Amino acid sequence: MNKTTLHFSANLSRLRKLAGLTQRALADRVGVTASTVTKWESGEVLPTMQAALQLREVLGVDLDALFCQNMADQGVDNIKVDLLEEMRALRQELAAMHMRK
């Protein structure tokens, strides 16, 4: 397993849990199967670019946070789920405002 795969699988698992999502719930939001999410988190495979972009949107992070950084080393485990939920709510509000224009 290369460094990118290692970081991605660990980061994805942490971010999913911080967001309060099960593997199935994340899979449903990204448009893949739960077994695909399991394979991503185990480091068996990496997502397609389209799936990575969906993950970025669902989890509210950039691609670097998913693939390049070791989030555990940076103390990201201490991020509160309510902060992620607030970010998601703001994103939804912005999207709704954009649709009204």
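This is a predicted model: local features need pLDDT of at least 70, side-chain atom pairs count only at pLDDT 80 or more; totals for chains, interfaces and linings use all residues.
Student: How many of the residues are buried?

Tutor: Of the 101 residues in the protein, 35% are buried.

Student: Why is Ala 52 called buried?

Tutor: Its relative accessible area is 3%. Buried means under 20%. Ala 52 is therefore buried. This residue sits in helix α4.

Student: What does Ala 52 touch, beyond residues up to four places away in sequence?

Tutor: Ala 52 touches Pro 47, Leu 63, Leu 66 and Phe 67. Take Leu 63. Ala 52 and Leu 63 are 11 residues apart in sequence, and their C-alpha atoms are 7.4 Å apart in space.

Student: Which other residues of α4 are buried, and how do you know that they lie on the same side?

Tutor: Helix α4 spans residues 49–59. Besides Ala 52, its buried residues are Ala 51, Leu 55, Val 58 and Leu 59. Just after α4 comes Gly 60, with a positive phi of about 70°.

Student: Why can residues a few places apart in a helix point the same way?

Tutor: An α-helix has 3.6 residues a turn, so residues three or four places apart point the same way.

Student: What makes one face of α2 the buried one?

Tutor: Leu 26, Ala 27 and Val 30 are the buried residues of α2. Seen down the axis, they fall within an arc of 100°, so they line one face of the helix. Arg 24 and Asp 28 are exposed on the face turned away from the buried side. Gly 31 follows α2, and its phi is positive, near 90°.

Student: How do you know that the buried residues of α3 line one face?

Tutor: The buried residues of α3 are Ala 34, Val 37, Trp 40 and Glu 41. Their arc, seen down the axis of α3, is 115°, so they line one face of the helix. Just after α3, Gly 43 has a positive phi of about 85°.

Student: Why are α2 and α3 called roughly perpendicular?

Tutor: Their axes cross at roughly 110° and come within 8 Å. Angles of 65 to 115 degrees count as roughly perpendicular. α2 and α3 are therefore roughly perpendicular to each other.

Student: Which residues make that contact?

Tutor: From α2 come Gln 23, Arg 24, Leu 26, Ala 27 and Val 30. From α3 come Ala 34, Val 37, Thr 38, Trp 40 and Glu 41. By class, the contact has six nonpolar, two polar and two charged residues.

Student: Which residues touch the most other members of the largest nonpolar core?

Tutor: This core has 19 residues. Leu 12, Leu 26, Trp 40, Leu 55, Leu 59 and Leu 66 touch the most other members. The elements giving two or more residues are α1, α2, α3, α4 and α5. α4 supplies the largest share, five residues.

Student: What does Trp 40 contact, leaving aside neighbours within four places in sequence?

Tutor: Trp 40 is in contact with Phe 8, Ser 9, Leu 12, Val 30, Val 32, Val 45, Leu 46, Pro 47, Ala 51 and Leu 55.

Methods. Residues are numbered from 1 along each chain as its sequence is written. Side-chain values use heavy atoms; hydrogens and water are left out. Buried means under 20% relative accessible area, exposed over 50%, partly exposed in between (1.4 Å probe, protein chains only). Helices (H or I, at least four residues) and strands (E, at least two) are DSSP runs, numbered from the N terminus. A nonpolar core is a set of buried Ala, Val, Leu, Ile, Met, Phe, Trp, Tyr and Cys residues joined through side-chain atoms within 4.5 Å. Contact means heavy atoms within 4.5 Å. Axes are lines fitted to C-alpha atoms, for helices over the stretch in contact, and angles run from 0 to 180 degrees between N-to-C directions. Angles under 35 degrees count as roughly parallel, over 145 as roughly antiparallel, 65 to 115 as roughly perpendicular and the rest as oblique. Ala, Val, Leu, Ile, Met, Phe, Trp, Tyr, Cys and Pro count as nonpolar, Asp, Glu, Lys and Arg as charged, and the others, Gly among them, as polar. The arc is that of the directions from the helix axis to the C-beta atoms.
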